Amino acid sequence: MVKNSSALGDFVYTDVEFRQYRRLRAVRLLHAGVGFLLAYAIAWSVVALMRGDWPTLILQGISGGGAAWVWFCLSRGRLGLAGHSYFCIVIPVVAGMIALEGVTGPFLSMSHYHLLPLIVGAYLLFFEHSQRGRRVYVGACVLIFVSVELALVSLPPLGLAYDSEAQRTGRWILSLANFASLIWVARLFVADLAEAEKQLASANARMEALLENMLPATISQRLRREGRTFADAFGECSVLFADIVGYTALSESLPNVVGLLDAIFTRFDDLTEQGGLEKIKTIGDAYMVAAGIPEARPDHAVAAAELALQMQTAIKDFPGLEIRIGINSGAVVAGVIGKKRFIYDLWGDTVNIAARMESQGISGEIQISDATRALLPPDFICKDRGEIAVKGKGRMRVFLLKGRATRTNSRGSADPAVPNLSP
């Protein structure tokens, strides 16, 4: 589940990439905050110069220097320092502006409107990181805003006072500017929320695909729908066991034995999928397949026999190895049980006999039970091996599947869709 994330809009699936995404989001928010801070500082500096208000000009100089410091921290990758520095600079600057303006009554001051985008910005920036800092910054902003807006404190102007007309004009301008700031911050929040939803949907799709790769599609859907494990009885199906003969000895002389086994089982997986059968599991170098579950099919024995012949042919591409296959047909119980590491598994006498057909078979041969032979059409070539002693079952009649006779079409020529697999 790894996918590189080179842009902010890419889907991210790993924890490392998700942290990187959150970091890029915070950097983008701080860049926007620095831009707003510089815009406010320049605007206030112009007004202060026009009025000869030197305390305000000095305070805005500090604000501009703070913006430069935050930008420097971001350029050096010091995101945490940049975030805390931004709020440690802006909140005191706003408090200083309020002190210069004074608090003469409720709903009359101007400068505290700067605190509104800071509240939203603190939640976005410190939402999952430094929650204590978020609470401190948001609490300080809310406390100052409420105290000034409701005139809970009374403070005479420490700087040049504004007349009533200038205060009204200033409040309108600051209200519009802060509204624009809030809209911009909200836009970032909505964009992040939409991106998070896409990431969640994509990650969920990946998890769904992974689950369906581990379990049959109908089983994984049922497991998600019912939310509990289950087991069902199937009256007719065929079970195939295949074991790679010579693998243990060969693995002692090959360095990449896992790669070899992966290549073999990948080939078997392809053949199983093409035949519409269900791979159950692998146990070491053994491979287990079922036909007729979880979706019933009347030709389950034929499908299992054809897969066995194809596997027998495929193993020839791996020199030094042979395969021993056993097939049995009958009733089984199949399902998902337990509460951890779910696997779709089979139980019953049919499974046990299929395992015995393989373990007591012949290297390079496909051994099938009498029950499976009875379900195969006459064009399957089977050699009667007679009765053998099957562990736990006594003596049973078994057959060796040798191939399938070539079918002919209506014109009397060989049908290329069904190759001649007879010896």
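Which helix supplies the largest share of the lining of the largest cavity? In this predicted model, that share comes from α1, which contributes 8 residues. The cavity in question is one of 3 cavities of 30 Å³ or more found in a search of the whole structure. The space in the largest cavity amounts to about 330 Å³. Its lining is made up of 24 residues, and those closest to the centre are G33, F36, Y86, V90 and L118.

At least two residues each are supplied by α1 (15-51), α2 (54-75), α3 (79-101), α4 (115-125) and α6 (164-214). Sorted by class, the lining holds 17 nonpolar and 7 polar residues, and no charged residues.

Charged side chains were examined for salt bridges, and the count comes to 13. One of these salt bridges is formed by K281 and D345, whose closest N and O atoms are 3.1 Å apart. The two residues belong to distant parts of the chain, 64 residues apart: K281 is in strand β2 (residues 278-283) and D345 is in strand β5 (residues 345-347). The partners fall into separate accessibility classes under a rule that sets buried at under 20% relative accessible area. K281 has a relative accessibility of 22% and is therefore partly exposed, whereas D345, with a relative accessible area of 12%, is buried.

A second salt bridge reaching across the sequence joins E306 to R404, with 2.2 Å between the closest N and O atoms. Because E306 lies in helix α10 (residues 300-314) and R404 in strand β8 (residues 394-404), the pair ties together parts that are 98 residues apart in sequence. E306 is partly exposed, its relative accessible area being 31%. R404 has a relative accessibility of 4% and so counts as buried.

A further salt bridge involves D299 and R297, and the closest N and O atoms of this pair are 2.8 Å apart. D299 counts as partly exposed at 33% relative accessibility. R297 is also partly exposed, with a value of 22%. Beyond these pairs, salt bridges link D243, R324 and E358 in a network.

The residues E322 and S363 are 41 residues apart along the chain, and their C-alpha atoms are separated by 6.6 Å. E322 is placed in strand β4, which runs over residues 322-336. With a relative accessibility of 40%, E322 is counted as partly exposed.

Terms used:
Residues are numbered from 1 along each chain as its sequence is written. This is a predicted model: local features need pLDDT of at least 70, side-chain atom pairs count only at pLDDT 80 or more; totals for chains, interfaces and linings use all residues. Side-chain values use heavy atoms; hydrogens and water are left out. On a 1 Å grid over the protein atoms alone, a cavity is a set of points where a 1.4 Å probe fits but cannot get out, and a pocket is an open set with protein on both sides within 12 Å along at least five of seven lines; lining residues have an atom within 4 Å of a point. Grid points are joined across faces, edges and corners, and a volume is the space filled by probe spheres set on the points. Helices (H or I, at least four residues) and strands (E, at least two) are DSSP runs, numbered from the N terminus. Ala, Val, Leu, Ile, Met, Phe, Trp, Tyr, Cys and Pro count as nonpolar, Asp, Glu, Lys and Arg as charged, and the others, Gly among them, as polar. Buried means under 20% relative accessible area, exposed over 50%, partly exposed in between (1.4 Å probe, protein chains only). A salt bridge is a side-chain nitrogen of Lys or Arg within 4 Å of a carboxyl oxygen of Asp or Glu.
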